[in-house]
Amino acid sequence: MRCLLVEDYTPLRKNIEECLVEEGYVVDSSASGDEGLWFAKNHPYDVIILDIMLPEVDGLTILRKIRELQDHTPVMIVSARDGVTQRVEGLNAGADDYLVKPFALIELVARLHALVRRRYDRGTPVLNVGDLTIDCALKKVVRGGKEISLTRREYHLLEYLAFRAGQPVSRTDIWEHVYEDQAGGSSNAVDVYIGYLRKKLNEGGKPDLIQTRRGHGYLLTESPT
Amino acid sequence: MKHPSIRFRLMLGTGIIVAVLLFVANFFIYRAFERTLTEEIESQLLQSASLLAKSAELEANSLDYEWKDAMNSPGSADITGVFQFWDMRSGRTTKSPDLGDGELPLFYGKLNVPVLREITLSNGRKARAVGLLHHPFVDVIAIAEAAQTGRVLHPEDFPQVVVCARETQSLTHRLNELRSLLTRASIGTLLAIWASIFAISTWSLHPIRELSENLLEHSKKENPPQVEIPHALPSELTGLAGAFNTALNHVEKSRAREKEFTLHAAHELRTPVAGILITLEQALYRPRGSLDLSNRIEEALKITRSMRLTLNSLMRIARLRGGLEASSKTPVEPKTILREVLEAAIPLIEKNHLTIHEGFPEDVPAISTDPGLFRAVISNLIDNSIRHSPIHSTIEFHVDDSSERFVFMTINPCSGLSAENLDRLFEPFQRGSKAADNEGAHAGLGLSLAKEAALLMGGRIDVNLISDDRIRFTLTLPR
């Protein structure tokens with residue numbers, strides 16, 4: 001999943017970014033409001049973490065501009081302003097969540113996961129596609145009762161397809177939401193990792209849950225053809 | 001505490017003034033009326049006395065009082081009251097029928113000079129009377145007849161006195177009526193004035209009640225608009241209401257600034273705490289090597305030290321503002337401290353590739369001031385200039401010792417500032433967007449601290465825009 005982090009306080013920004021990368025997110029971070037707004041307008045994100053007291057352009061202004069563009073990306077505000085008025089103001093401006101500093105990192109991560117699940121209309125952290133079960137909280141993949149060992153990149157690719165199960169997902173989407181290094185790489189790497197995934201998931205002659213749709217990308221479905 | 005009432009003062013004051021005026025006016029009216037009536041009576045009495053005097057005729061053989069004829073003559077309407085004649089030669093007295101058994105007092109003055117007097121009639125009533133000493137009328141026929149008998153008639157041998165009196169009871173009655181009428185009119189006038197004062201003051205002061213209600217509504221709201229001044233408010237009070245609105249606006253602005261300070265303070269204190277928490281949580285989130293852990297702990301310590309600086313600055317500002325920090329004056333060499341501060345700032349100047357232009361005179365005389373506070377002010381001003389200047393820009397520092405005061409100026413690039421909002425730069429936690437270091441070591445307290453320290457030293461710091469993109473801070477201190 002791809003996340004935009006806009007926070008001007010360097011220790012916070014660096015540590016949150018590191019934590020989210022370790023959680024498997026692709027993270028774009030910015031220390032100023034104008035740069036953060038540029039990121040939000042020009043890249044697709046699964047979730048945005050936004051501080052309010054930013055230099056140049058404040059967080060609420062960024063949020064309002066994003067919503068004016070009919071962008072429904074989930075936004076979590078992180079702020080030191082803990083008053084009811086400020087929290088209500090943030091939520092009324094279009095935020096999906098409001099976390100008051102200082103906060104526990106584990107809570108930030110859990111809330112972020114919840115926002116991503118909501119974005120893809122998933123009620124629980126356990127995703128089921130046919131006989132495939134993906135526990136996003138434990139990062140565990142089981143098919144037909146047997147646990148499958150995946151590399152970090154394979155897991156995040158499968159997780160992304162699972163969140164969007166039933167929809168064709170283009171290579172570009174996969175590239176932008178799963179791969180950190182979008183400069184200098186190519187979407188051929190996507191095809192390679194799809195191949196790896198298919199091999200591990202289909203082991204033992206199981207039906208291929210990943211379908212290729214020409215011109216549209218890949219589709220994870222419980223109804224294999 | 002009881003407050004004076006405009007209405008009560010108006011009514012009391014107007015009542016007293018009008019009452020005095022009415023009393024004086026009524027007095028003069030009464031006296032004029034009394035005088036007129038009295039004069040009328042006296043005139044009538046004099047006329048009567050004159051007519052009656054002429055009715056005493058000296059004939060050849062006797063003195064004849066022809067007042068009966070006078071009473072029946074065309075001029076009889078001019079004879080009023082009662083009268084009595086005295087023949088001073090014979091002592092005989094003749095009186096008007098109206099007098100009855102009563103007698104008038106005998107009084108007179110010089111010959112043909114009427115004398116007026118207040119008398120009491122025999123019936124006990126007061127009267128005005130005139131007494132006239134006169135000689136009887138003698139006609140030529142009577143003189144001729146007397147001459148025939150060898151007598152010479154001399155009127156002066158037959159002095160007569162006529163006293164004519166007129167009751168003044170009706171006058172008194174009329175004057176009493178007048179007094180009563182004037183009194184009632186005065187009371188009515190006073191009551192009418194009080195009633196109109198009450199009505200007009202109630203009508204005029206009603207908008208004040210409306211203004212009070214508007215003020216109460218205003219006080220209940222968050223971020224209220226200006227208080228609405230009722231259109232019907234008296235013009236004498238619009239100035240006061242306007243001044244009150246201005247004062248309220250100042251209070252609202254102060255409240256807004258206090259609120260902003262609280263929000264900023266919350267942000268500037270909570271954010272580093274969040275930084276420490278996240279840094280340490282992230283350190284423990286996954287297994288890490290000892291070097292990695294050590295670096296993370298060091299990072300958390302760095303944030304802690306930065307917070308300590310912020311808290312120390314905040315506490316110092318609070319002490320300076322509260323007058324809890326004392327200053328001592330000793331001779332201070334300004335140029336020495338300037339050089340020291342600039343040398344300490346060299347790493348940051350070089351890091352940001354800044355060009356420094358110094359305008360320091362060769363000899364800068366010592367000034368008598370608190371060395372600690374002076375250093376704090378200079379450090380903050382220079383630090384502020386360096387941190388808010390973009391990379392590769394130019395900063396100027398000048399000292400002007402030509403006047404009786406010590407003047408130090410910093411000039412550096414700026415953006416996004418307007419002349420109207422420059423004073424806000426001295427408020428705590430105002431950190432510009434171009435601050436080179438946003439890691440929390442400088443929480444926007446430097447200028448606030450510098451200003452308080454300058455004030456404590458008896459000086460001040462001014463700020464102004466010398467162009468659209470350059471700002472100047474000027475420190476002025478007494479020598």
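Across the interface of chain A and chain B, 13 residue pairs are in polar contact, both residues at pLDDT 80 or more. A polar contact is a pair of N or O atoms within 3.5 Å; within protein, one must be able to donate a hydrogen and the other to accept it, and residues adjacent in sequence count only if both atoms are side-chain atoms. This is a predicted model: local features need pLDDT of at least 70, side-chain atom pairs count only at pLDDT 80 or more, and totals for chains, interfaces and linings use all residues. Side-chain values use heavy atoms, without hydrogens and water.

Which elements of chain A give two or more residues to the side that touches chain B? They are α1 (10-22) and α5 (105-119). Helices here are DSSP runs of H or I with at least four residues, strands are runs of E with at least two, and both are numbered from the N terminus. The largest share, eight residues, comes from α1(A). By class, this side of chain A has 15 nonpolar, three polar and nine charged residues. Ala, Val, Leu, Ile, Met, Phe, Trp, Tyr, Cys and Pro count as nonpolar, Asp, Glu, Lys and Arg as charged, and the others, Gly among them, as polar.

The two chains bury about 2500 Å² between them, 55% of it on carbon and sulfur atoms. Buried area is the accessible area (1.4 Å probe) that two parts lose on being put together, summed over both.

Side chains of opposite charge can pair when their charged atoms come close. A salt bridge needs a side-chain nitrogen of Lys or Arg within 4 Å of a carboxyl oxygen of Asp or Glu. Five salt bridges cross the interface of chain A and chain B. One salt bridge joins A:E22 and B:R286, at 2.7 Å from N to O. Over all chains, the whole structure has 33. Within chain A, A:D28 meets A:R2 in a salt bridge, also with 2.7 Å from N to O. This pair links distant parts of the chain: A:D28 lies in strand β2 (residues 26-30), A:R2 in strand β1 (residues 2-6), 26 residues apart.

Now look at two loops of chain A. A cis peptide bond joins A:K101 and A:P102, with omega about -5°. A:P102 sits in the loop between β5 (97-100) and α5. A:Q70 is in the loop between α3 (59-68) and β4 (75-79). Phi of A:Q70 is near 60°, a positive value in a residue other than glycine.

Note on methods:
Residues are numbered from 1 along each chain as its sequence is written. Chains are lettered from A and ligands numbered from 1 in the order in which they are written.
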